[in-house]
Amino acid sequence: MQVSKLVKENLVIDSNSFNELSPLMKEAVGDIIKLIEKETGNIIEKFENSVNKVSEFHNINKHKFYDYFDKELIEQLGEE
């Protein structure tokens, strides 16, 4: 699944996992997605770099982002 399929025009993610996030986490996840789309190179490196930058900027533990994206992937893949 592509990031662009998860994100609508206004960076609104329509999922239960996203809707459960606090407003700060929603903003931070949006920032991560924007950074991923701007950077070039390996997708794993882009993702990890984006999480590191945004977690530092918003002062949020990066493991919260990894937990969210794990939940999002599980939801999108229809597992559980």
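Close-up 1. K71 is partly exposed, with a relative accessible area of 44%, where buried means under 20% relative accessible area, exposed over 50% and partly exposed in between, calculated with a 1.4 Å probe on protein chains only. This is a predicted model, in which local features need pLDDT of at least 70 and side-chain atom pairs count only at pLDDT 80 or more, whereas totals for chains, interfaces and linings use all residues. Residues are numbered from 1 along each chain as its sequence is written, and side-chain values use heavy atoms, with hydrogens and water left out. K71 forms a salt bridge with E20, the closest N and O atoms being 2.9 Å apart; the term requires a side-chain nitrogen of Lys or Arg within 4 Å of a carboxyl oxygen of Asp or Glu. Because K71 belongs to helix α5 and E20 to the loop between α2 (16–19) and α3, the pair ties together parts that are 51 residues apart in sequence. E20 counts as exposed, at 56% relative accessibility.

**Close-up 2. The salt bridge between E39 and K53.** The structure holds two salt bridges, and one of them joins E39 to K53, with the closest N and O atoms 3.4 Å apart. E39 lies in the loop between α3 and α4 and K53 in helix α4, so parts that are 14 residues apart in sequence are tied together. K53 is partly exposed, with a relative accessible area of 47%.

Close-up 3. Helices are DSSP runs of H or I with at least four residues, numbered from the N terminus. The buried residues of α5 are F65, Y68, F69 and E72. They cover an arc of only 95 degrees around the axis, which puts them on the same side of α5; the arc is that of the directions from the helix axis to the C-beta atoms.

Technical notes. Helix = DSSP H or I, 4+ residues; strand = E, 2+ residues; numbered from the N terminus.
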